[in-house]
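Me: Could you take a close look at one part of this model for me, the salt bridges, and then tell me what lies around them?

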Amino acid sequence: MFEDLPPAAPMCGVVEFADVALPCLIQASSPRGASIVVSASLDIPSQLTLSDPHRNSQRVVRVAWRRGPHIRVQFVDAPEPPPLRSAR
């Protein structure tokens, strides 16, 4: 799912949930999701908002996986990938 994330210069962003807004580092993004790092040790819910001030965007995201402070998220409104074609 995230193999298509190109290497990019990290950018500062914000993750928001409930009444909490935490700074994060957006390491990479694609049309379907992003790779972020959150330094706070709070419990991050499975769905939150990711704000990217550099792109002037705010997207609802779902956590795909988390390993310590590293989180991969999928944009909730992202298009579904095309189905795999079977070999004939």
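Reply: Asp-77 forms a salt bridge with Arg-59, with 2.8 Å between the closest N and O atoms; the term stands for a side-chain nitrogen of Lys or Arg within 4 Å of a carboxyl oxygen of Asp or Glu. Arg-59 sits in strand β5 (residues 57-67) and Asp-77 in the segment after β6, so the pair ties together parts 18 residues apart in sequence. Strands here are DSSP E runs of at least two residues, numbered from the N terminus. Asp-77 counts as exposed, at 57% relative accessibility, while Arg-59 is partly exposed, at 25%. Buried means under 20% relative accessible area, exposed over 50%, and partly exposed in between (1.4 Å probe, protein chains only).

This is a predicted model, in which local features need pLDDT of at least 70 and side-chain atom pairs count only at pLDDT 80 or more, while totals for chains, interfaces and linings use all residues. Residues are numbered from 1 along each chain as its sequence is written, and side-chain values use heavy atoms, leaving out hydrogens and water.

The structure holds two salt bridges. The other one joins Arg-55 to Asp-52, the closest N and O atoms being 4.0 Å apart. Arg-55 counts as exposed at 52% relative accessibility, whereas Asp-52 is buried at 7%.

Conventions:
Helix = DSSP H or I, 4+ residues; strand = E, 2+ residues; numbered from the N terminus.
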